[in-house]
Amino acid sequence: EAPNWMTDGKNLLFNKGGSIFRIPVQGKKKKKINTGDANRNNNDHVISFDGKWLAISSHRDGLPGGGSTIYYLPINGGTPVLVTDSTPSYLHGWNPNGKEVVYTAQRTSRSVAYNIYKKGISGGEEVPLTFLKSGLADGPEYSPDGKYIYYNSTETGTMQIWRMKPDGSGKEQLTFDEYNNWFPHISPDGKWIAFSGEYSGSRQ
């Protein structure tokens, strides 16, 4: 699942069976990345903008929401460093400065909804950026210039693409169609957004 281009443009990272692998774009033999004790990885894995680090979401048993927990480690493998101890936390993006990650999480002390949070990889409090009481805000990703976080949200009904400033202010809805739109990804030059759309109207 979830192939990610590495910054060299020659390799992809993907997850399979709880592990992370690197494979050349020509499709030759894959190589497993050592992620230590974080060995139940899902498809929420993201490469830092400088290409030096890999952040992952890996499940821990006996915790809420399946225990999805965020870690980071060197891009070529190593000991994972815990970022979020509260679960469930589903990673989606790195700040271009390399110091923070953004993710989707459910914190029942706040609401039953899934909202977007950010946290420094070296510690500190997690910061809520959206405040839905129900529904879902998901898929946060920084623009390459670091000026915006793009995401999808059900705030106005169907799932649509939004953006906000890194402190959570200035929220703007960007799509207004009959589709449920998910997971915006920003091109390296910042001029284009790729996302998935699912028709939400009646089929007659």
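The largest pocket holds about 990 Å³ of space, where a pocket is an open set of points on a 1 Å grid over the protein atoms alone, at which a 1.4 Å probe fits, with protein on both sides within 12 Å along at least five of seven lines, and where the volume is the space filled by probe spheres set on those points, joined across faces, edges and corners. Please keep in mind that this is a predicted model, in which local features need pLDDT of at least 70 and side-chain atom pairs count only at pLDDT 80 or more, while totals for chains, interfaces and linings use all residues. Residues are numbered from 1 along each chain as its sequence is written, and side-chain values use heavy atoms, with hydrogens and water left out.

The lining of the largest pocket, meaning residues with an atom within 4 Å of a point, comes to 29 residues, and N4, W5, V46, E141 and H185 lie nearest the centre. Strands here are DSSP runs of E, at least two residues long, numbered from the N terminus, and β5 gives the most to this lining, with 5 residues.

Strand β13, residues 137–142, has 6 of its 6 residues buried, that is, under 20% relative accessible area with a 1.4 Å probe and protein chains only. β13 runs antiparallel to β14, residues 149–153, through 4 bridges, and two strands pair if DSSP finds at least two bridges between them. The two form a hairpin with 6 residues between them, and G146 in the turn has a positive phi of about 75°.

The open sheet has the order β13-β14-β15-β16, with antiparallel pairing. β13 and β16 stand at its edges, each with a single partner strand, so one side of each is left without a neighbour in the sheet. R163 has E172 in β16 as its bridge partner, and R163 also lies over the face of Y148, at 3.8 Å from the ring centre; the rule asks for CZ of Arg, or NZ of Lys, within 6 Å of the ring centre and within 35 degrees of the ring normal.

Finally, the aromatic rings: Phe, Tyr and Trp (its six-membered ring) pair if their centres lie within 6.5 Å, and planes under 30 degrees apart count as stacked, over 60 as edge-to-face and the rest as tilted. By this rule there are 9 aromatic pairs. Y72 and W94 are edge-to-face, 6.4 Å centre to centre with 85° between the planes.

Note on methods:
Buried < 20%, exposed > 50% of the residue type's maximum accessible area, 1.4 Å probe, protein only.
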